[in-house]
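Visitor: I am new to this entry and would like a short tour. Could you show me the structure first?

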Amino acid sequence: MCGIVGYIGSREAYPIIITGLKRQEYRGYDSTGVALINHGLKVFKKKGKVAELEESLLGKNLSASIGIGHTRWATHGEPSDRNAHPHQSASGKLAMIHNGIIENYNQLKQELLNKGYKFNSDTDTEVLLNFIEEIQKNNQCGLEEALRIALKRVTGAYVILLLDEDNPDTIIAARKGSPLVIGIGKDEHFLGSDATPMLEYTKEVVYVNDYEIAIVKADELILKNLGNERQTPYITKLDMELAAIEKSGYEHFMLKEIFEQPGTIYDCLRGRLDATAGTITMSGVQNNIETLKNADRIIIVACGTSWHAGLIAEYIIEELCRIPVEVEYASEFRYRNPIIKKGDVIIAISQSGETADTLVAIEKAKEQGAIIFGIVNVVGSSIARASHAGAYTHAGPEIGVASTKAFTAQLAVLTMIALKVAKEKGSISPERYAKLLFELEDIPEKAEALLKNVEELKIIAEKYKGSADALYLGRGYNFPVALEGALKLKEVSYIHAEGYPAAEMKHGPIALVDEKLPVIFIATKDDYHSKIVSNVQEIKARKGKVIAIISDGDETITAMADDVFTVPPADEIVAPMLSVIPLQLLSYYIGVAKGCDVDKPRNLAKSVTVE
Ligand code: AGP
């Protein structure tokens, strides 16, 4: 899940590439590098973040109108200068950057070793590059032809960008599995893993499809398939502004995105939900309403935070629509040989729309006749394009690696889908339906209200920042919220944390409880409240430190807990969109207090484009 950037045109390529890499850095930040052609090929690369490379290149002649750049999330070969991209071929004439994994690289490497090749790095990328050059030499053919031949021998996922010293007016790119966007300018082209490197230059982009090769010149873009047949580039107009990918005065993207939630949830509901009229307008759902409401079962596939959203959707859909739901880790579902019947409905949830595990899982299900309904945040992304129908979450670009606003937007979309299907099915009373529409409509305002009291969370964070472990507990709809809270803390503070159904605690985890263990309860008012009160007592009986997220006016738990944070009362079905926000903030403040890079946590990347 690396970030790639390319530019060819009349402007200086280096500043465009470096700025683009900084915007792509949420995709990986183990090492970075650029290659430029100006009277020969120049490659600069080093371990560490883009700013460190930039620093190291001050004063160098970096003038060029063609270049490529890469920021890495290590798969093959540890983070180091020699494993950083771009890699150069044995002849030194070709430079290549790559996002993805070449699964059969060992076999290709052996073939090249037998031919006397030496390798400077441990990467699959350098192997593929030399494999391409070897074909070029053997077949006496051009780079494009050699690439086409090579890719027919490759298994795995890739976006590659190639520079050729002998063809300084062309960038050659290819895609399979990993994302590639090409921005169309006047006599210039921009390339990126997403549109962020090109936003201020053009709003016209082409999303390159799997098995396509792009031959990019300043004034020409040619797309071909591996059969060497020309493909028509399909131009999409971007609806994203530069401001959306800047921090707007916040210290971190994560904090900005947490505070954006009243607006992003509102944007997600806007034009879809009208509680006064009692309507939910979602064309993707309406066009497939018969399939959805008559589904024998619904299978939700996702990863990480999106999987937690899927768990909450299981509760909502089963309660409102009375349709059985199974929630699957996409990576397990993909290889478990699941029983899929023709017409089964698969809901794929993904913020980035590029998560390889989820993408390959839905491709597998599609092969067996399932209907794929995608819930995605990034417009034009692979999962969106691979789905039969779907709904965008409209949360705007999410840059912080720890997903926050995308999660609450996913919950808003899933709740609207469940309500719409339940109404069509008649599995919900008109009174409950009407009440829930107003409950949903009130969420943005309630989120706004709770974000006014964050100072309390800073104090709680300061108190527990030194903890080695933490336990998150919730019941019913709040159980998946507990899982999400634990994931956020792990991701941005590196504190070991586990989420559990509160009742399950007695069957083991309670052994962990002592005066040093913070136990975070998501205990907003719902049908389980009296039960969760007993669970709090069980923890207090063992001197555990209780931090409780409670509904305004909950005196019972306030009296028992060490620390509380109140959220406005809401129906249990929509309450997770509120109760998760203090958990996002708690992990953020603890991460910052510990000096962690909360936007780019170690070992993580925003979209996991390799299996
Ligand atoms: C969440 O904070 C993480 N970034 C990660 O678990 C993420 O949710 C997961 O990789 C799924 O990503 P997606 O929603 O883009 O598919």
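Guide: A term to begin with: a residue is called buried when its relative accessible area is under 20%, and exposed when that area is over 50%. Please note also that this is a predicted model.

Visitor: Then is His 308 buried or exposed?

Guide: His 308 has a relative accessible area of 7%, so this residue counts as buried.

Visitor: Which helix holds His 308?

Guide: His 308 belongs to helix H10, which covers residues 304-321.

Visitor: And what is His 308 in contact with, leaving aside its neighbours within four places in sequence?

Guide: With those neighbours set aside, the contacts of His 308 are Phe 407, Pro 480, Leu 483, Glu 484 and Leu 487.

Visitor: Changing topic, how many residues has the largest nonpolar core?

Guide: That core has 97 residues, and Leu 320 and Ile 347 have the most contacts inside it. Helix H14, residues 405-425, gives the largest share of this core, with 12 residues.

Visitor: What does Leu 320 touch, apart from neighbours within four places in sequence?

Guide: Leu 320 is in contact with several such residues, among them Ala 418, Leu 419, Ala 422 and Ile 573.

Visitor: One more, please: where is Leu 255?

Guide: Leu 255 is in helix H6, residues 253-259. Its relative accessibility is 12%, so Leu 255 counts as buried.

Visitor: How far apart are the C-alpha atoms of Leu 255 and Thr 404?

Guide: They are separated by 9.2 Å, although Leu 255 and Thr 404 are 149 residues apart along the chain. Beyond its neighbours within four places in sequence, Leu 255 is in contact with Tyr 250, Leu 585, Tyr 588 and Tyr 589.

Definitions and conventions:
Residues numbered from 1 in each chain as written. Predicted model: local features only at pLDDT ≥ 70, side-chain atom pairs only at ≥ 80, totals over all residues. Heavy atoms only, no water. Core = buried A, V, L, I, M, F, W, Y, C linked by side-chain atoms within 4.5 Å. Buried < 20%, exposed > 50% of the residue type's maximum accessible area, 1.4 Å probe, protein only. Helix = DSSP H or I, 4+ residues; strand = E, 2+ residues; numbered from the N terminus. Contact = heavy atoms within 4.5 Å.
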